[in-house]
Amino acid sequence: MNKAYFFAIVFGILSFSFKNIGYVFQKKGVNEIIALSASLKKKAKIADYVKNKIWCIGILLPFLGGVFLAFGYACGPVSLIMPFTGVGLIVLVFFVKFYLKEKITIIEGISIVINIIGIILINLKGSAIRESYTTMLSLLDRFFTLQGIIFLLFPACILIILCVWSIKHNNRHSGSFFALLAGIIGGSGLLFQKPFALGLKLLSREHSIVICFIIVSCGGVFISLSIFAVFLLNYAYKYGRGILVAPLYSLFQMLFPILGGVIMFNEWRYLDQEGIIYQVAGICLIIIGTGLLLYYNEKKII
């Protein structure tokens, strides 16, 4: 593994650790805000969130993780970095158990282990992943192809419909649906962070108005989608347990960019058959583990 890929992985691990710790603080803050609002017999307002220090820390940490992720993107491919969210997932489980005091059942523990095994399989041939674009414009073109547009819009539209259905049915399954939508929106933002990070890297070598425009535009899209994802995530926290909502969000925020790296950026182009099998098997295990976690928690609600 070359030096750039090594730093990409290190920055990825730091990013996902900060992000997942932040999600736990957000959940803790939401719990306190809801409890305080209930005791005062009033609805929680935006000011209540801003005044809660734990919630504010939970908001700041993922954005700090986003800074580390930008450095990681400048060093390596999306498909190489994103699977290391498994390290953040381990941190997440630790904090949920000992900070939120939520009990982790055997089935929930098994589902998390399945996800981690899937992440390990994805990384067995991770060093063979290559970036297939050669210029900034060739990278940006991937966002405007038919397959890129469908990939970015279709899953989000389906989940928006499910979230609307949930709200109209007394927020039934809102914890799950909004966590999934937050993960996809947040994952979409991470895809736009790739040209943003590449632009910053190029700007250090050459000064260009075009590159500056790309940095500002992609950075604006990334920040906007990230803020929207945080809003959706906190809504999910109101109706779902931390052990359900946070992993769903974290895993889909990881899985969506991995698939984006394949579908939009063609980063599996240089993988051999064995490498593709490992990648597909790993992704399937992640889907199975996440599905098990989702089914078990929703069954308890019903």
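Modeller: One term is needed at the outset: a residue counts as buried when its relative accessible area is under 20%, and as exposed when that area is over 50%. Please note also that this is a predicted model.

Biologist: Is N171 buried or exposed?

Modeller: N171 lies in the loop between α8 (146-168) and α9. Its relative accessible area is 15%, and the cut-off for a buried residue is under 20%. N171 is therefore buried.

Biologist: What is the phi of N171?

Modeller: Most residues other than glycine have a negative phi. N171 is not a glycine, yet its phi is positive, at about 60°.

Biologist: How many helices does the protein chain contain?

Modeller: Read along the sequence, the pattern of the protein chain is α-α-α-α-α-α-α-α-α-α-α-α. The chain has zero strands, and its helices number 12.

Biologist: What percentage of the contacts in the protein chain with a separation of 6 or more joins residues 24 or more positions apart?

Modeller: The protein chain has 302 residues, of which 52% are buried. Among its contacts with a separation of 6 or more, the share from residues 24 or more positions apart is 83%.

Biologist: How far does α1 reach from its first C-alpha to its last?

Modeller: α1 has 38 residues. K41, which has a positive phi near 55°, follows this helix. At 1.5 Å a residue the expected reach of α1 is 56 Å, and the reach in the model is close to that, at 56 Å.

Biologist: Why is α9 described as largely enclosed by the rest of the structure?

Modeller: α9 has 30 residues and reaches 42 Å from its first C-alpha to its last, close to the 44 Å expected. It is largely enclosed because, of its 30 residues, the number buried is 27.

Biologist: Which residues does M264 contact, leaving aside its neighbours within four places in sequence?

Modeller: Once its neighbours within four places in sequence are left aside, M264 is in contact with R142, F143, G148, F151, L152, L191 and L259.

Biologist: What distance separates the C-alpha atoms of G261 and P77?

Modeller: G261 lies in helix α11. It is buried, because its relative accessible area is 0%. G261 and P77 are 184 residues apart along the chain, and their C-alpha atoms are separated by 7.8 Å.

Biologist: Which helix supplies the largest share of the lining of the largest cavity?

Modeller: The search of the whole structure finds two cavities of 30 Å³ or more, and the largest holds about 120 Å³ of space. Its lining has 13 residues, with K19, P62, S226, Y249 and Q253 nearest its centre. α1 (3-40), α3 (53-73), α9 (174-203), α10 (209-239) and α11 (242-263) each supply at least two lining residues. The largest share, four residues, comes from α10.

Biologist: How many nonpolar residues are in the lining of the largest pocket?

Modeller: The largest pocket has a volume of about 390 Å³, and 15 residues line it, of which I46, Y49, W55, F231 and N234 lie nearest its centre. α2 (46-51), α3 and α10 each supply at least two of the lining residues, and α10 gives the largest share, six residues. By class, one lining residue is polar and two are charged, while the nonpolar residues number 12.

How values were computed. Residues numbered from 1 in each chain as written. Predicted model: local features only at pLDDT ≥ 70, side-chain atom pairs only at ≥ 80, totals over all residues. Heavy atoms only, no water. 1 Å grid on protein atoms, 1.4 Å probe; cavity = no way out; pocket = protein on both sides within 12 Å on 5 of 7 lines; lining within 4 Å. Points joined across faces, edges and corners; volume = space filled by probe spheres on them. Buried < 20%, exposed > 50% of the residue type's maximum accessible area, 1.4 Å probe, protein only. Contact = heavy atoms within 4.5 Å. Nonpolar A, V, L, I, M, F, W, Y, C, P; charged D, E, K, R; others polar. Expected span 1.5 Å × (residues − 1).
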